[in-house]
Amino acid sequence: MQQILTSTKSQIPSLFPPQSPTNIFTAPPKSFPKIPIKSPLHVTLRTSSSSNGSPPSVLDESLLFDESDDESDSEDGRKSDAVRDGLLVVRRPQANEVLAGRSDGGRGDPGPINAGLSEFAKKMPMFEPPPPTDADPKARPLEVNREIALYRAKVLTRNFKFKEAEEILKKCLSIWPEDGRAYVALGKLLSKQSRTEEARSVYEIGCQATQGENSYIWQCWAVLENKAGNVRRARELFDAATVADKRHVAAWHGWAVLEIKQGNVKKGRHLLAKGLKFCGGNEYIYQTLALLEARGGRFEQARYLFRQATICNPKSCASWLAWAQVEMQQENNYAARRLFEKAVQASPKNRFAWHVWGIFEANQGFIDKGRKLLNIGRALNPRDPVLLQSLALLEYKYSTANLAQVLFRRASELDPRHQPVWIAWGWMEWKEGNLATARELYQKALSINSSSESAARCLQAWGVLEQRVGNLSAARRLFRSSLNINSQSYVTWMTWASLEEEQGNAIRAEEIRNLYFQQRTEVVDDASWVMGFLDVIDPALDSIKRLLKLDQNPGFGGRDALRDMTKASSASIEGPEDSSSADVVESVGDGDADTSNFDIDAFVRDKLSLDTSNLDAKLESSEPSRYKSPRRIWRSENRNSALARRG
């Protein structure tokens, strides 16, 4: 052993002056030479001894560092450097050596144990390659460029320029793969074009890129699966969204709506309550709860919940519209009209507000007012096919079929994949006696999507057409296909039963009615749930319950109790009550008045700079040059037909 130590000591050159043998470990030198280190990977110490064996007094930096090792990548080069005479090489193990389980600098073959460790090491994050990016983070564009690109893609999507928007979003993903907004926008863009598989792939890649922490991607993916009919998968994705962020209110609300549509009302209410617990007051949650109460016939509670929704967000057009439609069902026309006015004031350009209000006025017999409201909405939203569809049906009922055909054709050109437009157009052609055209339009609607709710309605309408012309076998097949899509359609079941009765098959008709009652989904609603909901709806309601003594007398005490609750809740949340909203609550039930002091023309002129007396010119200027005014086309067609008759 002593000989080995002696030989080793003789081979290693000494860097310091020789000390006495007894103090070599116990008495270190008073000062060490300072050795600057440049590279942590390869440090080569080159020593030279003079003729008398003493080390040099000054160490040359060029002797300390040999940067030629950095340039040599081959294994042979590293071996030759390591065994060079007079060199001491300090080198960090390479990644491939660690993966191979080698500790001898790459020499030797890995054994079975090392092979297993190699596979395990490949899964370790420290050895994973960096995420693929087209550009170096330091060389990326500024963050403001990302915001501008996302906004530009949004505008292009709104203008139906899908290809340009898709190119911009894909470029954003290549530069900023960690930003979830680009995945959400691209997925929605693909969904609008019915490219479901591509949208699903985008959402999946987005969840992986964001490591599952972006709740917006999970929620959009869940909505996509829900629309595709994958209810179980949608539940899992909604659950993942709430796990990623329990304050994401859209996930709670979307999941609750899914459960309510599946007949799980109790589960849906439980999810809505969780949304209020974690996210606070939200107009959409209150609105959905109010619609549940209205469906159960508890209209006072529904009005209270609608009031809470409008308190949370007075600019929520959807809440005002939903409340107005509930009052329409109760034939409270004056209250409904006031609520429609609130809706358009909250969102003057909202196409749904002008559309539903116009239909309401037309059903009340005010045809000119309904037509004006629909045209205002169309002038503000020239690319919306739904407004044109409703206007076409209105013109068909109260004007001529030629004008309705022009409007239907315009709507189908604006959005060729909008199924209700083709279905309504086919129904009009059937009523006009153009059966071949009606069948072609129905077939066009089914070619867009054969598994949607609109497809079920299309098949039912087509079945009625075949029944009227005597094609009973075809009508039965169409009714059966419609029920395969939507087995809860009462109209389809009863229409099929009436067909069998007309043919003298009373037993078959009774069987069909029994099948409907056997397979229908029973929606069990619990009226006492409202009392439990008061515990989580708002902390301010504790004082309201004591005021109304709800603990001793379950239920609401009529309109006076509703009014007191509205005032107390408004005072506790936002201070003084909004007098305009209070007037709406006061007017509920006053269905005798059919007039209002709201001046539509002045409102549109002041807020939207739109002249209602010249809507045709506005519509013609806002649409492409190849389009003419529908009434101008109708007049020219009538003029040509009159000239033909005279000739």
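## Report on a predicted protein chain

The protein chain of this predicted model exposes about 36,700 Å², and carbon and sulfur atoms supply 51% of that area (Shrake-Rupley method, 1.4 Å probe). Residues are numbered from 1 along each chain as its sequence is written, and side-chain values use heavy atoms, with hydrogens and water left out. Local features need pLDDT of at least 70 and side-chain atom pairs count only at pLDDT 80 or more, whereas totals for chains, interfaces and linings use all residues.

The chain contains 35 helices and 2 strands (DSSP runs of H or I with at least four residues, and of E with at least two, numbered from the N terminus). Of its 647 residues, 41% are buried (under 20% relative accessible area, 1.4 Å probe, protein chains only).

| Helix | Residues | Among its residues in the contact |
|---|---|---|
| H25 | 453–469 | Leu459, Trp462, Val464 |
| H26 | 472–485 | Leu478, Phe479, Ile485 |

The axes of H25 and H26 come within 8 Å and cross at roughly 165° (lines fitted to C-alpha atoms over the stretch in contact, with angles from 0 to 180 degrees between N-to-C directions). H25 is therefore roughly antiparallel to H26 (an angle over 145 degrees).

Glutamate 166 lies in helix H8, residues 162–175. This glutamate 166 counts as buried because its relative accessibility is 10%. Beyond its neighbours within four places in sequence, glutamate 166 is in contact with Leu186, Leu189, Leu190, Gln193 and Arg195 (heavy atoms within 4.5 Å).

Conventions
Angles under 35 degrees count as roughly parallel, over 145 as roughly antiparallel, 65 to 115 as roughly perpendicular and the rest as oblique. Buried means under 20% relative accessible area, exposed over 50%, partly exposed in between (1.4 Å probe, protein chains only).
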